Amino acid sequence: MPTSRVIPANEYRRERWRNQLGWTRQIATGGRDDQDWDWRLSIAEIERDAPFSPFPGIERELVLLRGQGLRLCFEGGEQVTLHPPHDRLRFSGARGVRGELLDGPTHDFNLMWRPEALQAELLLRPLVGPMLFFADARTHWAIHLIGGQARFDAASGLPPLWSGDSALLYGAPGRTRYALEGGGELIAVKFTTRDASDDPQ
C-alpha cells in the first residue's frame, strides 16, 4: 500500500505535453509508473491555442483553475467553453480536441485515468470547516487545495496544506479516517480500484 503524503506545489514536475505544444506540471501518478500509469494528476499551463495530446484508452476531466476561460473544440464540431471560476468537463482522451484561449493563458487541473483499472469521481468543494475522507484497500483520495489553507488531524501525521498543494490519502491498512479542516476551496478525487465483480465503465 502506498504511503499517504502531502506534495507541495513547488515539487510538481514541469514537463512538455506529449505533442510538445504546451507545458504541464505533473502532481502525481499511480498504479504503474510515470510512463505506464493507471491515473495521473497534473496542471496544464495553456499559453496559446493548440491541440491537446491524444490519450487513447484514457478518461479525462478538466477543471479551469486560473484564467479567463478556455474553449474546447472537438473533432466533429462540438464546442464547450470553460468559464471562471471553475467550470469543468469530462471527456474521452481518444477524442481529438483543440484548446482555444478566450482572453490570455489558463491553468487547468487535469485528471486522467484508465477506466478498466479504476473508477474516478472528481468533487469540487468549498472548505469551510472539517471534512472527512475514508480510505481502504480499494479506495484512496487525491486532494488539491485550490486556495486557502488547511490542516489534517494530528493522527494522520501529515503536514499542513497551503494554496496549490496536494495530498494523497491511502488506507494503512484497513479503513483509515482523515479529517481536514481549514478555509478555502479544494478538488477531491475519489479513486476506487476495480475488481472482477465490477461492470466495465
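Predicted model: local features only at pLDDT ≥ 70, side-chain atom pairs only at ≥ 80, totals over all residues.
Let me start at alanine 172, which lies in the loop between strand S16 (166–169) and S17, where strands are DSSP runs of E with at least two residues, helices are runs of H or I with at least four, and both are numbered from the N terminus. Residues are numbered from 1 along each chain as its sequence is written, and side-chain values use heavy atoms, with hydrogens and water left out.

Alanine 172 is exposed, because its relative accessible area is 57%, and the cut-offs here are under 20% for buried, over 50% for exposed and partly exposed in between, with a 1.4 Å probe and protein chains only.

Not counting residues up to four places away in sequence, threonine 176 touches Phe133, Phe134, Ala135, Tyr170 and Gly171, a contact being heavy atoms within 4.5 Å.

Glutamine 119 has its place in strand S12 (residues 118–127) and, at a relative accessible area of 36%, is partly exposed. If we leave aside neighbours within four places in sequence, glutamine 119 is in contact with Lys190, Phe191, Thr192 and Arg194. Between glutamine 119 and threonine 193 there are 6.4 Å in space, C-alpha to C-alpha, although the two are 74 residues apart in sequence.

Now to the whole chain, which has zero helices and 17 strands. How does the radius of gyration of the protein chain compare with that of a compact globule? For 201 residues a compact globule would have a radius of gyration near 17 Å, and the protein chain has 17 Å, which agrees; the radius is taken over C-alpha atoms, and the globule rule is 2.2 Å times the number of residues to the power 0.38. The C-alpha trace spans about 50 × 40 × 25 Å along its principal axes, and 51% of the 201 residues count as buried. Of the contacts between residues at least 6 apart in sequence, 69% join residues at least 24 apart.

Turning to the sheet, which strands are at its edges? Four strands form an open sheet in the order S5-S10-S7-S8, with antiparallel pairing, where two strands pair if DSSP finds at least two bridges between them. Strand S5 (50–51) and strand S8 (79–82) are the edge strands, each pairing on one side only. Strand S7 (residues 70–74) pairs with S8 in the antiparallel sense over four bridges, and arginine 71 stands opposite threonine 81 in S8.

Finally, two backbone details deserve a look, given that most residues other than glycine have a negative phi, and most peptide bonds are trans. Proline 84 and proline 85 are joined by a cis peptide bond with omega of about 10°, and proline 85 is found in the loop between S8 and strand S9 (88–92). Glutamine 20, although not a glycine, has a positive phi of about 70°; this residue sits in the loop between strand S2 (13–16) and strand S3 (23–30), and its relative accessibility of 48% is why glutamine 20 counts as partly exposed.
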